[in-house]
Amino acid sequence: MYKIKGEKIKQIREQAGLTQESFATIIGKDKKDIGHYENNRATPPANSLVTFLIEFNVNPKEIAEKC
């Protein structure tokens with residue numbers, strides 16, 4: 001099993017020069033959801049996660065860690 005590393009999501013968002021709000025718009029979520037993902041309080045749903053991986057050309061191994 002794997003878990004998503006919120007700090008990696010934040011790092012990629014910041015490297016892209018995006019606010020949480022603009023990032024949320026891209027992946028189809030609310031700004032508050034992004035804060036939850038970045039602070040490991042929630043995991044992005046599969047459809048948003050796939051959008052994130054594709055839009056930002058991210059290898060899933062970059063944001064996941066084995067539990």
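How are α1 and α3 oriented to each other: parallel, antiparallel, perpendicular or oblique? Some notes on that, and on what sits around them.

1. Before anything else: this is a predicted model, where local features need pLDDT of at least 70, side-chain atom pairs count only at pLDDT 80 or more, and totals for chains, interfaces and linings use all residues. Residues are numbered from 1 along each chain as its sequence is written, and side-chain values use heavy atoms, with hydrogens and water left out.

2. Back to the opening question. The axes of α1 and α3 (lines fitted to C-alpha atoms, for helices over the stretch in contact) are 7 Å apart, and the angle is about 125°. Angles run from 0 to 180 degrees between N-to-C directions. The two helices are therefore oblique: under 35 degrees would be roughly parallel, over 145 roughly antiparallel, 65 to 115 roughly perpendicular, and the rest is oblique.

3. Who touches whom? From α1 come G6, E7, I9, K10 and R13, and they meet I34, Y37 and E38 of α3 (contact is heavy atoms within 4.5 Å).

4. R13 deserves a look. This α1 residue has 7% relative accessibility, so it counts as buried (under 20% relative accessible area; exposed is over 50%, partly exposed in between, with a 1.4 Å probe and protein chains only). Beyond neighbours within four places in sequence, R13 contacts L18, T19, Q20, F23, I34 and E38.

5. Now α2, residues 20-27: F23, A24 and I27 are its buried residues. They pack against α1, α3 and α4. On the face turned away from that buried side, E21 and T25 are exposed. Helices here are DSSP runs (H or I, at least four residues), numbered from the N terminus.
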